[in-house]
Amino acid sequence: MAFPTETVYGLGANALDPMAVTKIFIEKERPTFDPLIVHIADSNQLKELALDVDDRVMALTSEFWPGPLTIVLNKRSIIPDIVTSGLPTVGIRMPDNQIALELIRESGCPIAAPSANKFGKISPTTAAHVEKQNMNLECILDGGPTTVGIESTVIALNEDGYIILREGFITSEQLSLVVPQSTVKEHSSPLASPGLLKSHYSPSKPLYLIEPGTLYSNTLLDRLNPQKMGYLSFSRRDLKDVAVNLFQELHNLEDDPNIEYIVAETVPETGIGRAIMDRLRKASYQYSKSSQS
Ligand code: TXA
Ligand code: MG
């Protein structure tokens with residue numbers, strides 16, 4: 001079933017039931033090398049699922065949970081291998097959404113859930129976005145538009161601090177107030193975050209990324225009809241607001257029959273801008289060579 005979280009809609013199943021979790025991979029057409037996040041509703045569940053819940057983890061969870069932070073920890077054997085793609089670690093978070101929290105409490109088990117989109121597509125921030133994926137679902141719990149709009153930040157911890165495995169709504173500036181950032185930027189395991197592919201979050205139409213204000217000097221205009229262009233400019237907007245609405249705006253352009261291609265302006269890579277650029281780069285990856293002027 002699909003359910004709302006504060007970030008994006010999730011496609012959930014009992015995290016302790018390998019058969020149920022297998023159905024998620026099939027329905028989402030997700031490669032099994034990409035592990036799922038496990039959602040909990042109570043901090044006490046953390047120690048039942050993960051090892052090494054140290055003071056730093058406690059400090060992070062008391063500051064950011066419920067909320068858009070996923071912490072990757074060594075897993076206990078109760079978590080089936082299919083959830084973690086065979087990794088010894090599991091990503092866990094407590095969502096800040098009443099429907100999600102009640103669902104987890106009522107079902108009496110942790111819920112494994114990826115974003116409720118077909119693999120590689122734009123993440124869903126409304127029930128209608130989930131519906132248009134044409135997945136075979138028992139039901140969609142409609143909680144209205146999500147409030148955060150962009151996925152959780154995924155982190156791991158090593159001896160000297162945290163490492164960001166996926167940029168998200170919680171910024172490194174915020175995290176560093178609680179735990180120092182590791183000086184090691186790469187996680188030691190080559191499989192640290194298998195889901196971080198170069199291409200992802202892709203609309204069904206070409207998306208070109210350009211520097212702000214350079215459209216009229218860009219060679220794109222020689223090839224593409226400006227009347228069929230959906231243009232996203234963020235420079236006058238608060239970046240938090242851009243993050244909250246980014247997937248909704250991409251879905252709108254994807255669904256608009258008058259639009260054939262999308263051109264988006266880059267944003268500065270500070271604070272939440274890093275998560276926005278991560279999503280835009282992946283969404284435009286297939287077209288990135290052809291948008292350079
Ligand atoms: O906000 C979110 O995180 C949403 C909502 C539904 O909670 N979920 C979400 O899940 O974005 P998904 O499956 O689309 O992305 C999960 C990311 C992937 O990049 C995956 O590789 C990474 O988390 N991940 C999960 N478990 C991991 C692990 N054990 N080690 C490293 N990376 C992991
Ligand atoms: Mg996803």
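## Cysteines

The sulfur of Cys 109 lies 14 Å from the closest cysteine sulfur, that of Cys 139, too far for a bond. A disulfide is a pair of cysteine sulfur atoms within 2.5 Å. A search of the whole structure finds 0 disulfides. Cys 109 is buried, at a relative accessible area of 9%. Cys 139 is partly exposed, at 29%. The classes are buried under 20% relative accessible area, exposed over 50% and partly exposed in between (1.4 Å probe, protein chains only).

## Model and conventions

This is a predicted model: local features need pLDDT of at least 70, side-chain atom pairs count only at pLDDT 80 or more, and totals for chains, interfaces and linings use all residues. Residues are numbered from 1 along each chain as its sequence is written, chains are lettered from A and ligands numbered from 1 in the order in which they are written, and side-chain values use heavy atoms, with hydrogens and water left out.

## The sheet

An open sheet of 7 strands runs in the order S3-S7-S4-S6-S5-S8-S9, with mixed pairing. Strands S3 (13–14) and S9 (161–166) stand at the edges, each with a single partner strand, so one side of each has no neighbour in the sheet. Helices (H or I, at least four residues) and strands (E, at least two) are DSSP runs, numbered from the N terminus. Two strands pair if DSSP finds at least two bridges between them.

S8 (residues 153–158) and S9 run antiparallel, joined by 5 bridges. Val 154 stands opposite Arg 166 in S9. Helix H3 (residues 55–64) lies across S5 (69–74), S8 and S9, at about 160° to S5. Axes are lines fitted to C-alpha atoms, for helices over the stretch in contact; angles run from 0 to 180 degrees between N-to-C directions.

## Around Ser 152

Ser 152 sits in the loop between helix H6 (127–131) and S8. Ser 152 is buried, at 2% relative accessibility. Its side chain makes a polar contact of 2.8 Å with that of Thr 70. Such a contact is a pair of N or O atoms within 3.5 Å; within protein, one must be able to donate a hydrogen and the other to accept it, and residues adjacent in sequence count only if both atoms are side-chain atoms. Beyond four places in sequence, the contacts of Ser 152 (heavy atoms within 4.5 Å) include Thr 7, Ile 37, Arg 93 and Arg 166.

## Backbone features

A cis peptide bond joins Trp 65 and Pro 66, with omega about -10°. Pro 66 is in the loop between H3 and S5.

Glu 29 is not a glycine, yet has a positive phi of about 55°. Glu 29 is exposed, at 53% relative accessible area.
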